[in-house]
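Thanks for coming. I will take a few minutes on one structure, so please have a look at the sequence and the model.

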Amino acid sequence: PVKSPVSALDLNRLKSTLCTIKLAIEDIDIFNKILNRPRVETEAFAVRLLEGEELVRKCSTVKRWNVFMRLYYAKKLSKLENSLINFFQIDVAALHFRESKRISVLVSDLEEKINQITTMLERCEIRACDPDTVPVVVVGFQGMPPANDGGR
């Protein structure tokens, strides 16, 4: 079925969607840099996003009376919208599932480490009453030259 020519409302909705997605991808890129993760996951979609923005720009320049070009761009915009829907329903869902499992593994590792630290601290508390088991620790700045007191 051939979709009707693009309306200004459809175009504005798609512009808004692309803008929202672009901001989200920029945030994800920032998080990936902080986490030292590769940009591969967002790179391919960023390219599609730029193509979508270009398509919307071109479509917005088509005159109302040019029905053939409006139909041509309506088909292209429909493909773009389907591509976005497919990406978010399938690809992002898979990425989200993977990340949730990765986070579960990290939380499990942290829980194990916290349990180890708790056990270690409990053992130290038991031995804390025995002065022979307390390690000798010197607190200070050993090896540091004395502070300059301004000639006083």
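Take the contacts in the protein chain between residues at least 6 apart in sequence: 71% of them join residues at least 24 apart. Keep in mind that this is a predicted model.

Now the elements. The protein chain has three helices and zero strands, so the order from the N terminus on reads α-α-α. The chain has 152 residues, and 17% of them count as buried.

Let me go to one residue, Leu14. You will find Leu14 in helix α1, which covers residues 8-34. Is Leu14 buried or exposed? Leu14 has a relative accessible area of 6%, and because buried means under 20%, Leu14 is buried. Which residues does Leu14 touch, leaving aside its neighbours within four places in sequence? Those contacts are Val56, Leu77, Leu80 and Leu84. There is also a C-alpha separation to note: Leu14 and Glu81 are 67 residues apart along the chain, and their C-alpha atoms are 7.9 Å apart.

Last, the surface. Lys58, Lys75, Lys76 and Lys79 form a patch of positive charge there. Helix α3, residues 67-127, contributes the most to this patch, with three residues. Lys76 is in helix α3. Its relative accessible area is 35%, so Lys76 is partly exposed, since that class lies between under 20% for buried and over 50% for exposed.

That is what I have; questions are welcome.

Conventions
Residues numbered from 1 in each chain as written. Predicted model: local features only at pLDDT ≥ 70, side-chain atom pairs only at ≥ 80, totals over all residues. Heavy atoms only, no water. Helix = DSSP H or I, 4+ residues; strand = E, 2+ residues; numbered from the N terminus. Buried < 20%, exposed > 50% of the residue type's maximum accessible area, 1.4 Å probe, protein only. Contact = heavy atoms within 4.5 Å. Patch = residues over 30% accessible without salt bridge, like charges linked within 9 Å, V, L, I, M, F, W, Y side chains within 5 Å. Areas by Shrake-Rupley, 256 points an atom, 1.4 Å probe, with all protein chains shown as cover. Salt bridge = Lys/Arg side-chain N within 4 Å of Asp/Glu carboxyl O. Lys, Arg positive; Asp, Glu negative; His and termini not counted. Charge placed at Lys NZ, Arg CZ, Asp CG, Glu CD.
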